[in-house]
Amino acid sequence: MIERYTLPEMGRVFSDAHKYELWCRVETLVLEAHADDGTVPADAVQPVRDAPPPTAERVAEIEAVTQHDVIAFLTAWADNTEPREAAAWVHFGMTSSDLLDTALAAQLVEATDILLDKADTLVAALRDHALEHRATLRVGRTHGIHGEPDVWGHRVADFAFGLARSRDRLRRAREAVGVMAVSGPVGTYSNIDPRVEAYVAERMGLRPADVSTQVVLRDGISEWVSCLAITASVCEAVALEVRHGQRTEVRELWEPFGKGQKGSSAMPHKKNPILSERICGMARNVRAQIVPVMEGIPLWHERDISHSSTERISLPDAAVATDYLLHLTTRLVDGLVVDTGRMRANLDSTNGLIYSSTVVSELIETGASREDVYALVQAAAMRTWEAGTPFRETLREEAASYGVALDEQRLDEVCRPERFVQHLDGLFDRVAKLS
């Protein structure tokens with residue numbers, strides 16, 4: 001992911017420097033376990049433990065010759081080891097995937113913890129915003145067309161629960177990616193005791209794979225990326241709502257717009273929903289990683305490395321982009337301007353058409369057939385659409401032509417927007433409990 005969208009904490013997780021720190025840790029733990037078992041000389045451990053990780057530049061220099069990143073790393077690290085002879089015992093009994101998959105598991109767990117913290121923050125922001133607007137009347141829309149009265153907090157509550165579910169999925173996916181293996185070539189433990197694997201797993205907070213060949217099967221990593229994609233898509237749903245709400249014809253919602261901010265290089269009046277549009281665009285990048293990563297599940301026999309080049313791009317990009325999306329969506333929600341007056345004006349803008357469903361129900365209760373009632377109300381509604389005449393007026397005229405008596409006092413009661421949202425208290429009680 002380009003630097004523009006990389007936040008420092010997540011960027012550090014996927015930096016070369018941190019990767020080599022993790023590689024050093026894995027190799028050191030393996031060496032410690034061997035020494036405890038008496039497999040390697042005990043006096044080799046401390047020099048290796050004290051050796052600083054190699055620089056990314058030095059590893060790259062050696063890899064240009066070896067064309068093998070792990071060998072390049074081991075050589076560069078050996079150069080930092082005093083005495084260098086101690087490094088001969090590093091990587092004893094291991095294969096490259098033991099190191100790579102175990103360190104990768106640690107990286108993904110670290111990345112997940114960062115994402116979970118940000119998801120908690122966004123859930124809280126959505127929860128509080130929903131509760132703040134539990135009584136803010138607005139029109140509910142289906143297919144982009146006015147439907148019935150609603151409250152803004154109801155719409156936001158849906159996002160809050162969606163993001164909470166996404167967070168909980170990610171929490172479960174943390175277990176799916178926190179899986180390592182130190183099982184040697186083709187995963188048979190031919191040159192390394194399973195006790196070594198258990199030793200490393202315990203100290204790194206990971207779980208040994210139930211089975212590994214020479215690699216850990218990528219179903220868990222695919223699950224993790226899929227969870228990131230769902231999380232990103234929920235962020236996009238929030239942003240898309242704001243984009244629609246900020247359209248000139250709607251003008252119910254406004255992104256935060258700072259002093260000195262510019263909306264257009266040509267049109268000074270513009271206040272564009274750039275945060276929301278960026279969120280929608282970034283979500284596509286996260287979703288785009290699902291298929292490439294999933295295609296790393298089927299490999300040739302015990303292993304190949306067709307998954308490796310994909311994961312070097314897809315896993316950091318998915319994590320970095322999701323991290324940025326959670327950050328940006330929280331900023332959007334915290335700074336969102338809600339024009340409650342405009343919401344009410346839009347609700348009233350169709351001259352009462354939004355009460356048509358209630359009128360149908362009321363007239364059916366008088367004993368008329370649903371077919372006749374629907375035809376009557378639809379005819380009145382179409383006249384209101386075409387002429388802009390208030391719906392109650394066209395309704396009276398159509399009712400008279402059908403010989404249907406209207407209870408005007410009863411219609412006054414049921415055609416109140418507050419009536420449509422009177423059963424939402426239980427929903428907001430659930431929202432208040434979100435954490």
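Helices (H or I, at least four residues) and strands (E, at least two) are DSSP runs numbered from the N terminus, and two strands are said to pair if DSSP finds at least two bridges between them. What you have open is a predicted model, in which local features need pLDDT of at least 70 and side-chain atom pairs count only at pLDDT 80 or more, while totals for chains, interfaces and linings use all residues. Residues are numbered from 1 along each chain as its sequence is written, and side-chain values use heavy atoms, with hydrogens and water left out.

**The hairpin**

Begin by selecting strand β1 (residues 137–142) together with strand β2 (residues 145–151), which pair in the antiparallel sense over 5 bridges. The two strands form a hairpin with 2 residues between them, and in that turn you can pick out His-143, whose phi is positive at about 60 degrees. To follow the pairing, show Leu-137, which stands opposite Val-151 in β2, and then Arg-141, whose bridge partner in β2 is His-146.

**The loop between α5 and α6**

Next, move to the loop between α5 (69–79) and α6, where Pro-83 is found. A cis peptide bond, with omega about -5 degrees, joins Glu-82 to Pro-83.

**The domains**

Now colour the protein chain by its division into domain 1 (1–92), domain 2 (94–345) and domain 3 (351–432), bounds that come from an automatic or database domain assignment. The contact between domain 1 and domain 2, where contact means heavy atoms within 4.5 Å, takes 29 residues from domain 1 and 35 residues from domain 2. The C-alpha centres of these two domains lie 30 Å apart.

For residues 351–432, an unreviewed UniProt entry carries the annotation "domain: Adenylosuccinate lyase C-terminal"; UniProt positions are given in the numbering used here, feature names are shortened, and annotations may be inferred rather than shown by experiment. The span is 71% helix and 0% strand, and its end C-alpha atoms lie 35 Å apart.

**The largest pocket**

Which residues lie nearest the centre of the largest pocket? Select Lys-19, Leu-104, Gln-107, Glu-311 and Arg-312, which belong to a lining of 21 residues. The elements that give two or more residues to this lining are α2 (16–37), α6 (96–132) and α12 (306–334), and at least three residues come from each of domain 1 and domain 2. A pocket here is an open set of points on a 1 Å grid over the protein atoms alone, with protein on both sides within 12 Å along at least five of seven lines, whereas a cavity is a set where a 1.4 Å probe fits but cannot get out; lining residues have an atom within 4 Å of a point. About 480 Å³ of space lies in the largest pocket, a volume being the space filled by probe spheres set on the points, which are joined across faces, edges and corners.

**The largest cavity**

Finally, select Leu-126, His-129, Trp-152, Val-156, Phe-159, Val-238, Val-242, Val-333 and Leu-336, which line the largest cavity. The volume of this cavity is about 60 Å³, and the structure holds 1 cavity of 30 Å³ or more. While α6, α7 (152–177) and α9 (219–245) each supply at least two residues of the lining, α7 gives the most, with 3 residues.
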